Amino acid sequence: MQKKENQEVENRPDNTAFTQQRLPAWQPILSAGIVIPLFVLVGLAFIGIGVALFVTSRNLHVLEMDYTGVEKTSPCFSCSDPIKQKNCKCSLSFELDKLFEGPVFFYYGLTNYFQNQRAYGVSKDYNQLSGDLDYFTFFFSIVPDSTCKPYRYDVNNKPIVPCGSLANSMFNDTFNLYQMKNGVKEEVPLDGKGISWWTDYNIKYRNPSVNPLRNAFNGTVKPLYWSKPAYELDPTDTANNGFINQDFLVWMRRSALPNFRKLYRRITDGLPAGNYSLEISYNYPVIAFDGKKKVAFSNVSWMGGKNEFLGIAYLVIGSLCLVMSVVMLIIYHWRNSSPDAN
Amino acid sequence: MPWMSPLARIRDALAGQRARDKDLRNLVSNLPYEGLDKWKQPNRHFRNNGIKTTKYSVLFFIPMNLFEQFHRLANLYFVGLAILNFVPVVQAFEPEVALIPICVILALTAIKDAWEDFRRYKSDKKLNRLPCFVYSSKEKCFVEKRWKDVRVGDFVKVESNDIVPADLLLLYTSDPNGVCHIETANLDGETNLKQRRAVPGVCITVSNTDILLIIHAVIRTGCLGFSHPDLVLKQHLVYLKGHETKAMLNNNGPRYKRSRLERRLNIDVIFCILLLFTMCIIGSLGHYLWLESMPSVPLYLVPQTDGHLDTPSLSSFYKFFSMIILLQVLIPISLYVSIELVKIGQIYFITNDLDLYDEETDATIQCKALNITEDLGQIQYIFSDKTGTLTENKMVFRRCSIMGREYPHKENGMFLCGPKRALKMYIYKIKILMFTKSLPPNQQETEVILDQKLLRQIRGTEKIDAYQDFFLALAICNTVVVSMATAKRLRVSARLTAEFQQTNQSNPLDTLSSLVRRAGSWTRLRAPITSETSANDLTTQGQSVNQTGGQTCSLHVPPQGTAPAVPAGKLCYEAESPDEAALVHTAKAYGFVLMSRTPDSVTVQLPSGAQLRFEVLDTLSFDSNRKRMSVLVRHPISKQCILYTKGADYAIMELLETPYGEKQQKAIASDTQQHLDCYAKEGLRTLCIAKKVLCDGEYESWAVQRQHALAAMDNREQLIMDSAVQIETNLCLLGATGVEDRLQDSVPDTVMTLREAGIQVWVLTGDKPETAVNIGYACRLLEQDDLVINMSCKNLCYWEKQSCSADPRNVDTTPDISLVIDGRTLTMLMSPDLRDRFVDLARHCRSVLCCRVTPLQKSEVVKLIREKLKVMTLAVGDGANDVNMIQAADIGVGISGQEGMQAVMASDFAISRFKHLKKLLLVHGHWCYSRLANMIIYFFYKNAANVNLLFWYQFFCGFTANAMIDHWLMIFFNLLFTSVPPIMFGIMDKDVSAEMLLGLPELYRTGQGKGEYSFFTFWISMLDAFYQSLVAFFIPYFTYRGSDIDIYAFGTPLNTISLFTILLHLSIEIKAWTIVHVFIILGSVTLYFIVTLAYGVRYLNYSGYWTLQAQMVDPMFYLVCLISTVIALLPRYLFHVLKNSITCSPIVEARHLDTLEPSTRDQWIKEWRSFRGRVQDKTSDVSVPPSPSLENLQDDTKQVKL
């Protein structure tokens, strides 16, 4: 008998809430009555957020100018074919009615430019860019990384540093902004510090620890399209050269969409009202892909640059929720007040 | 012979091979060769007795498992894609990354396989290590060895209740007659004992097979056997072992059923493939157009190494494959693995359900088929066996008619009304009940409440002969084996079997096969008597009676003080069929105790206490043609030859002697027939008992003929049957018995509930129409006011005419129709020309009863209905005769009952009670189906929603198959962040509580037919996936358009939105939240942030380095995520709200009811049921079963709006 009892215990399933599927459960039923308060709440919250976003966006200013030079009237028309016109310079004039409050962010923009292709994006050697000297020199077709093809070696089989398509195609127009004060050009100071990501500048990209920096590049060549080698990108600031050059870092962070702008400089004090002239050294070819080149001046706030879309979206959805709650109320009322429907 | 040449060895090996292949096996005893080297052993060619059911070996596991897994087309496809990614021109990911998902999937499956194989290995080891006794010539006695060490040619000693280690040749038993009994339930499912004889000599019959073998060592064996007269019960020469046992050889792998849902799923996978190809073609075309639109080569296009660009057409051709790699997730790679995991979880819950556990047999439900749980929720037709399925197959003697007089045994009938109530009643119990403790659990069949009138008749003096003959016939005319209670059969096998099933629960298919494989060595051995002493007791007892019986034993005079040495209560009867046992017990209750049975004698104790030893001259065993069996005995006192016959009523009635003018006999026959009809109507199983006295001459001439028949080489069976028919003539009717096969517990309720659930219940039985109809009424398959169409061969022509003219629609207007068909009619109906009409008629019938059908017909009916009506069928049965049907149906359910293991072994689910079917279908079936259906739809949705983000991005990256989300994170997204919630959803979600499902069987109908998983729901969810991905992509797109955002900073909110949308979508779908749900959903979100953040910190060369960190300090990130998630989910949310508040689908209302207090809910269900009962009475619509029109009900609970 004892044995039999043991046997029963052996096969009998455990009587626990879990095995018997009797765990205490909350069974929400989404019906009109329950969701009305939720909709009202969400609607009000969204309208609040929407208003905040919309107002913030409204207070931001953007000044955007195209300088591609496709049209003949454009000041940069003559420069628009940089292959023929080396070191072409043109200048763009504009007028500000009132003070452009600082800090003003100065962007350059490209359209129809696909930085987000896969082959383009992987065309770099991370080990080079993190300052590993072993990857600078030719080493039996292993370094630099083969992803850099065809911008890996020059015709003399010298390794290109930084190699790859991404670095090779770096934007190389430069801008100088002048304020016209009584017919005199007065240069507006542009702040190029800290325009790239902090982590890119301080952790991800590193120069080889060779002093002077140019020695590290011995036996290598600059990228084909570059006019200056990497260690001479910024002649004014020795710390802003090599792979941690701010413009280089900005360029290397690939844009998500084909129409993009990239931060060029910051104008901390803002731009007072008046006439301005932007001098452009026009180097970058965009005609080949029907692209446009732009410059943009913009304020930023906690929500970034000017963008009314999100505010409107919040307002629309918020009001939709309110409308829906009214509809729900009607449904709820109709069902409650018509017991005959049973 | 150390110099044995290699050539000789080869020859030797070949000879061994031949020896194995030959039908005739020459075996040499191992004894003379004991201790010699292995290569000198005569039986070295034969494999050892170890059993290995494992699929893999440790060394070759990986290649073998991979080989196995690559049999799946899906796996090959995904490996192909991963390899494709190594081709530079079409590369979409880092090549290594693309390998991860397929590796994880393969690894998961491999781990599962390895675990299963390890369990098999462990159970094999356990089995191989079982002890058995093998004779050793060195030790001069039997030594204990392990099973796997038993070799061909060994002598094995097997004791009572041992399990037979291998196929054996019986050489000697402790029984003086050289007889032993074995049970072969593990082998063929038959639980009755089979007699095996040890015949010393050259030709020996072998257990389980009819192969005759010539064995050289037999004489040697004989000496050995007899030199050990101690406790040796049997000695066997092993002749087949391990993998070579018959059971192992006959084992073909298990069959594979595919669930309906899975078939639908495969169609949808094909849709997904089409969708994928469309998207890839769009991508490829887009890439072409993009390249074409460029006036010249821009800087950002990366040329080939040699500096030139591919032509746009070639490039777009490559891009097609890149797109396939990129968007491959659209075809849910992990879906199949997830489904398997979900089903394991579902099976875990089914097997752990206490309601499906049977206390009496200590058995839980066994799920042998892992892959068809959800089919349980879609059943439309149930085909049920009657005996042992609806009824208990525990026969209870209820009524008898002797010499035309009826003895109704009224008390017995009352006892049967309800066992619980009966216990309180005063009942006259026979002596045997005092020994309840030593009795088997099925004691009811041994309980017989005596009819006082009959008892007086026997005790009285009048007409004693006929009554005595009647009971003697009951006691003698059978094949019941008598054993002592102390030598009870132990259900060792059952327990061990259960153990194996438990260990292998994860893969029932394997369990099934391993069971079959093992069964070979599991034939249990039974001895008629356990100990020498008791055997001696019995025989001496028998002999003494025999010696004195001739002179002193008088039937009427009680013996003076010679009480039987063996108390009758200790006897145990092992019968082939429960009917026989019931009759023997009845005879015993009336004092005619069957004391012992040997091949040539039967000892019966009379009410007076005297024992009679009948010499058994011959036994004409039962066969299905004659439908009767007879025993020919010589009466110890009168020395007359008496033939006792027992059989089906019509088989006996035809054979009665018809003496002209003897009115009394005729009257008895007609009265008995009347009683028989009456019994049949009550649903009793009837048997007629008859007798014939032969004169010596008659017997002797017949005996000669019989001997000829037995000795005949050709046509032996026919001759034996003919000889039997020859003597079974001119019988003298003694009476008839009515034995009741009791309905199982709550069968009527279950049948009713199943019918309310929209399931048509058919009963296919081998019984007579009368009995079947009666059981039909008893289990409420038929109702009193039903129109029962009885179709038998006689009125078939009539029906044919009728049905030609009758429009099927007319049938609807008639009351509920039930159809009763007998086997011969069924054969006609199954003919090709009548088939369709039969199906058409059957469809309009509420219930169908088929009587006298053969096992083959059963499966044909199931197949016909399944194929013609395209419905889901379930067959339930318990016996070997149901195996065909069980295998033919979509789901086979075996009831582990009285008739052995065959049905259970063939089944997909094995239950112990018919009533368990109710919860299995209504609750678990519904849950499994709705869970799995929702899970699969969700899975498709999830992958589509996630992958479409990538697709939309292609429009903005020149269709270059680039991703804005890091590949590792994309892989993790599917493998880590969003894999567990749907699996948990598939295992644990509960749309309606079990109480509601049982209370409102109508809810089951939601799963029938198309159910929740249909073409429509699939495409709706795919559309939803497209919508949601559009929202999740374009809200961030418009927000960040024209800004300086970089790729991965843009991808991060997209991925986050996608995660939130997908998880919240699931949250909307989850019907019941438990702590597990909350934990897993929150865990997934946490895991996403932890992994992404950690990944962003750790991997410097990762392009998205520090991205999420940067995003998470930007308030815009949260604002974008919030609004995108809300917009994406709003339609589905609204849809659910509207569905729940406007429509009145039964499930929704049941869910409303579920939120009520349990007491209120139960009250409501009760009212609803009673109300529906009234409605159903009035309604006369058959083809439209009462729909769950809950809205008709006045609801007293204000919360519920109907």
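These questions and answers cover aromatic pairs and charges over rings in a predicted model.

Local features need pLDDT of at least 70 and side-chain atom pairs count only at pLDDT 80 or more, while totals for chains, interfaces and linings use all residues. Residues are numbered from 1 along each chain as its sequence is written, chains are lettered from A in the order in which they are written, and side-chain values use heavy atoms, with hydrogens and water left out.

Q: How many aromatic pairs are there over all chains?
A: Rings of Phe, Tyr and Trp (its six-membered ring) pair if their centres lie within 6.5 Å; planes under 30 degrees apart count as stacked, over 60 as edge-to-face and the rest as tilted. By this rule, the count over all chains is 82.

Q: What is the angle between the planes of Tyr113(A) and Phe260(A)?
A: The centres of Tyr113(A) and Phe260(A) are 6.0 Å apart. The pair is edge-to-face, and the angle is 80 degrees.

Q: Is Phe260(A) buried or exposed?
A: Buried means under 20% relative accessible area, exposed over 50%, and partly exposed in between (1.4 Å probe, protein chains only). Phe260(A) has 3% relative accessibility, so Phe260(A) counts as buried.

Q: What is the centre-to-centre distance of Phe940(B) and Phe1018(B)?
A: These two rings form an edge-to-face pair with 85 degrees between the planes. From centre to centre, the distance is 5.1 Å.

Q: Which ring does the charged end of Lys942(B) sit over?
A: A charge sits over a ring if NZ of Lys or CZ of Arg is within 6 Å of the ring centre and within 35 degrees of the ring normal. The charged end of Lys942(B) is 4.9 Å from the centre of the ring of Phe939(B).
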